[in-house]
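This report is a guided reading of one protein chain for a student who is new to structural description. Please keep the sequence and the model in view while reading.

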Amino acid sequence: MRDENQFKNTVEKFTTAVESNDGDALAALFTEDGVYCDGFYGEFVGRVAIATMLRDHFWGHAEGFKWEMSNLLSDGTQGYATYLFSYDSTLPEAVGKRVVFDGIAHFLFKEGLIERYEEIFNTGMAQAQLDFDPLRIKKHLLKRAEQLKSGKR
């Protein structure tokens, strides 16, 4: 069972790995078949996929990451945190735009490693800060709504 200090340590390693583009360090926090469920990019299963996600998706589309998690709470088998996340876009249509949003993180643990990470945040708020076309944002949000209606998180 994990105590609060162990959870805090894991969260610090997690955010530091993302902020520094260290996919190997991020992946090492997960079980071999661990799942990272990202609010934009979907699910990535296994350490190789998680490391690749960080490199190709996060750092492939942005830089200057800052991830501050607070209000950490864990019972040893799962943990929750609120967060403030920000980055600078490198997408061709939004180069240099700073995006900031808040959310809630949920961690499930197995034998001291992350078995599943998932998050809840307003993806539309992030896309609006990138000045995406309103129809693009609407399409994304309707797709997300359909996922929720079908029971997919």
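Is T123 buried or exposed? With a relative accessibility of 6%, T123 counts as buried, because buried means under 20% relative accessible area. The model is a predicted one, and the sections below describe what was computed from it.

## Overall architecture

The protein contains 5 helices and 6 strands. Along the sequence these elements follow the order α-α-β-β-α-β-β-β-β-α-α.

The protein has a radius of gyration of 15 Å, which agrees with the value near 15 Å that a compact globule of 153 residues would have. Along the principal axes, the C-alpha atoms fill a box of roughly 45 × 35 × 30 Å. Of the 153 residues, 40% are buried. Among contacts between residues at least 6 apart in sequence, 54% join residues that are at least 24 apart.

T123 belongs to helix α4, which covers residues 123-129. The side chain of T123 makes a polar contact of 2.7 Å with the side chain of H140. When neighbours within four places in sequence are left aside, T123 is in contact with G39, F40, H140 and L141.

A126 is found in helix α4 as well. The relative accessible area of A126 is 0%, so A126 is buried. Which residues does A126 touch, not counting those up to four places away in sequence? They are F40, Y87, V99 and F101. A126 and F101 are 25 residues apart along the chain, and their C-alpha atoms are separated by 6.5 Å.

## Salt bridges

How many salt bridges does a search of the whole structure find? The search finds 8. One of them joins the side chains of E32 and R47, at 2.5 Å from N to O. This pair links distant parts of the chain, with E32 in strand β1 (residues 30-38) and R47 in helix α3 (residues 47-61), 15 residues apart. E32 is exposed, at a relative accessible area of 59%, whereas R47 is partly exposed, at 25%.

A salt bridge also joins the side chains of E43 and R116, at 2.9 Å from N to O. E43 lies in strand β2 (residues 42-45) and R116 in strand β6 (residues 113-121), so this pair ties together parts that are 73 residues apart in sequence. E43 is partly exposed, with a relative accessible area of 46%. E43 and R116 also belong to a network of salt bridges that includes E118.

A further salt bridge joins the side chains of E93 and R136, at 3.0 Å from N to O. E93 is in the loop between β4 (78-89) and β5 (98-110), and R136 is in helix α5 (residues 134-149), so the pair ties together parts that are 43 residues apart in sequence. E93 is partly exposed, at a relative accessible area of 44%, and R136 is partly exposed, at 41%.

## The surface

The protein exposes about 8500 Å², and carbon and sulfur atoms supply 54% of this area. Which residues form a nonpolar patch on the surface? The patch consists of L73, Y80, I104 and I120, which together have about 400 Å² of accessible area. L73, one of these residues, lies in strand β3 (residues 62-74). L73 counts as exposed because its relative accessibility is 57%.

## Positive phi angles in two loops

Most residues other than glycine have a negative phi. E111 is not a glycine, yet it has a positive phi of about 50 degrees. E111 lies in the loop between β5 and β6, and with a relative accessibility of 77% it counts as exposed.

D131 is another residue other than glycine with a positive phi, near 60 degrees. D131 lies in the loop between α4 and α5. Is D131 buried or exposed? At 55% relative accessibility, D131 counts as exposed, because exposed means over 50% relative accessible area.

Technical notes: Residues numbered from 1 in each chain as written. Predicted model: local features only at pLDDT ≥ 70, side-chain atom pairs only at ≥ 80, totals over all residues. Heavy atoms only, no water. Patch = residues over 30% accessible without salt bridge, like charges linked within 9 Å, V, L, I, M, F, W, Y side chains within 5 Å. Areas by Shrake-Rupley, 256 points an atom, 1.4 Å probe, with all protein chains shown as cover. Salt bridge = Lys/Arg side-chain N within 4 Å of Asp/Glu carboxyl O. Helix = DSSP H or I, 4+ residues; strand = E, 2+ residues; numbered from the N terminus. Buried < 20%, exposed > 50% of the residue type's maximum accessible area, 1.4 Å probe, protein only. Polar contact = N/O pair within 3.5 Å; in protein donor to acceptor, adjacent residues only side chain to side chain. Contact = heavy atoms within 4.5 Å. Rg over C-alpha atoms; globule rule 2.2 N^0.38 Å.
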